[in-house]
Amino acid sequence: MSTAVRKTKAVRPSGRGVILLLAIAAGCVVANMYYAQPLLADIARSFHLSVAKIGSFAMVVQIGTVFGMLVFVPLGDSHERRALITFLLCSASASLALIAFATGPIWLCIAGFWVGATGATVHVIVPLAAHLAPQGKRGHTVGMIFSGMLLGILLARTASGFLGEYLGWRSVYWAASVVVLIAAVLVRTRLPESRPEHPLAWQELMRSILELTRRHAALRESALLGAAFFCAMSAFWTTLVFFLGTPPYHYGASAAGLFGLTGAAGAAGAPLVGKFSDSRGPRRTLLAALSLAIAACAVLALLGHHLSGLLAGAMLLDLGVQSGHVANQARIYGLAPEARSRLNTAYMVSFFTGGAIGSYCGAIAWKYFGWPGVCGFSVTVLAFGLAVWTAGQYSGETASDLKPGHGSGAVV
């Protein structure tokens with residue numbers, strides 16, 4: 001057997017082990033950006049911040065993620081990926097410790113920015129998993145990674161609510177720092193090497209991201225849809241803990257954290273969504289996801305003051321948003337297989353920009369219009385996404401996504 005063949009096999013998973021490790025690492029990292037959601041009221045009290053100002057902290061974390069996307073994620077197409085992931089995980093652990101140490105809102109925001117920036121690790125992991133996936137299984141493999149990520153979000157919201165209420169919000173970040181450091185050790189010792197086939201300089205990567213965005217209408221559409229999905233989701237989760245503190249609920253951080261369990265629907269459904277995208281085409285999946293998310297916002301607006309209605313709406317929103325996210329990513333990875341990290345950069349920069357806008361605007365909507373304002377803002381954003389999807393039917397590239405196979409890595 002030749003050296004080239006041996007190297008090729010070295011980066012292929014021998015079974016579920018490597019994909020499982022990647023899913024766990026992704027879950028640990030993505031959790032870092034969600035620990036704060038049930039704790040926002042407690043953090044605001046610690047630093048005497050208003051709802052709008054603590055919404056700015058959530059926005060800063062997501063702005064940090066956009067920065068990480070631009071600086072770190074393209075390196076997945078130019079550097080050895082195991083070393084890059086290990087470095088970013090160690091940096092994430094240090095950033096979480098800095099949040100636990102924060103003595104004022106400025107230091108809190110600086111540390112939060114770097115937690116967001118190192119959150120870009122996830123978007124080095126996901127293209128690597130897609131690269132390792134067999135042809136025709138890409139959507140399913142991406143779905144498995146997203147199951148790990150969604151479980152990380154679920155556990156982050158739930159565990160942080162309980163730990164924060166009984167041990168203080170700083171204990172959450174100390175524990176998270178240790179967990180991510182353990183993940184870094186596992187990645188370094190268990191993950192095989194994975195070197196890019198055609199490494200490019202960082203400046204070339206940046207130019208090529210702009211060129212990929214200009215060339216592919218499907219990438220532009222997915223980027224806008226991803227921004228709309230995450231904008232609506234961020235508006236909901238940023239304001240939920242404040243809504244739960246009002247009549248008829250009067251709940252604290254631990255109860256708010258329990259709402260993270262609604263994410264189980266998205267976690268369980270992600271692999272099924274990936275399979276549906278592989279078999280029916282990603283644009284059909286995206287239309288279903290948009291419809292589900294809009295229906296969820298209607299439920300939250302009309303029935304949100306009843307616990308069953310709030311739980312049902314949160315579950316539907318999580319499932320709709322995560323379904324759209326899985327379909328978008330399975331779709332874009334088929335556009336240019338040699339440039340998946342760069343495609344992911346273009347998509348995720350837009351995705352987290354939408355999230356940052358949603359965190360801030362959701363807090364503003366809550367301040368001036370209460371819960372109906374938050375729901376109305378989310379519906380408006382998702383309606384914009386529906387308009388983008390409708391306009392995409394007249395593009396040759398995006399219309400071809402209605403055919404099965406484009407979620408599986410077929411080159412469009």
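Cys28 is buried, at a relative accessible area of 16%, where buried means under 20%, exposed over 50% and partly exposed in between, for a 1.4 Å probe and protein chains only. The model is predicted, so that local features require pLDDT of at least 70 and side-chain atom pairs count only at pLDDT 80 or more, whereas totals for chains, interfaces and linings use all residues. Residues are numbered from 1 along each chain as its sequence is written, and side-chain values use heavy atoms, with hydrogens and water left out.

**Cysteines**

- The number of disulfides is zero, a disulfide being a pair of cysteine sulfur atoms within 2.5 Å.
- Cys297 takes part in no disulfide, and the nearest cysteine sulfur, belonging to Cys375, lies 6.5 Å away.
- Cys297 is also buried, with 2% relative accessibility.

**Packing of H14 and H16**

- Helix H14 covers residues 282-303 and helix H16 covers residues 340-392; their axes lie 9 Å apart at an angle of about 160°.
- Helices (H or I, at least four residues) and strands (E, at least two) are DSSP runs numbered from the N terminus; axes are lines fitted to C-alpha atoms, for helices over the stretch in contact, with angles from 0 to 180 degrees between N-to-C directions.
- H14 is therefore roughly antiparallel to H16 (under 35 degrees counts as roughly parallel, over 145 as roughly antiparallel, 65 to 115 as roughly perpendicular, and the rest as oblique).
- The crossing of H14 and H16 is left-handed, a term for a near helix turned anticlockwise from the far one by less than a right angle, clockwise being right-handed.
- On H14 the contacting residues include Arg283, Leu290 and Cys297, and on H16 they include Trp371, Cys375 and Trp389; contact means heavy atoms within 4.5 Å.
- The contact of H14 with H16 involves 15 nonpolar residues, three polar and one charged, with Ala, Val, Leu, Ile, Met, Phe, Trp, Tyr, Cys and Pro counted as nonpolar, Asp, Glu, Lys and Arg as charged, and the others, Gly among them, as polar.

**Backbone features in loops**

- A cis peptide bond runs from Pro247 to Pro248, with omega near 5°.
- Pro248 sits in the loop between helix H11 (217-243) and helix H12 (253-258).
- His250 is located in the loop between H11 and H12; although not a glycine, His250 has a positive phi of about 55°.
- His250 is exposed, at 56% relative accessibility.
- His48, in the loop between helix H3 (40-46) and helix H4 (51-71), is not a glycine but has a positive phi of about 55°.
- The relative accessible area of His48 is 73%, which makes this residue exposed.
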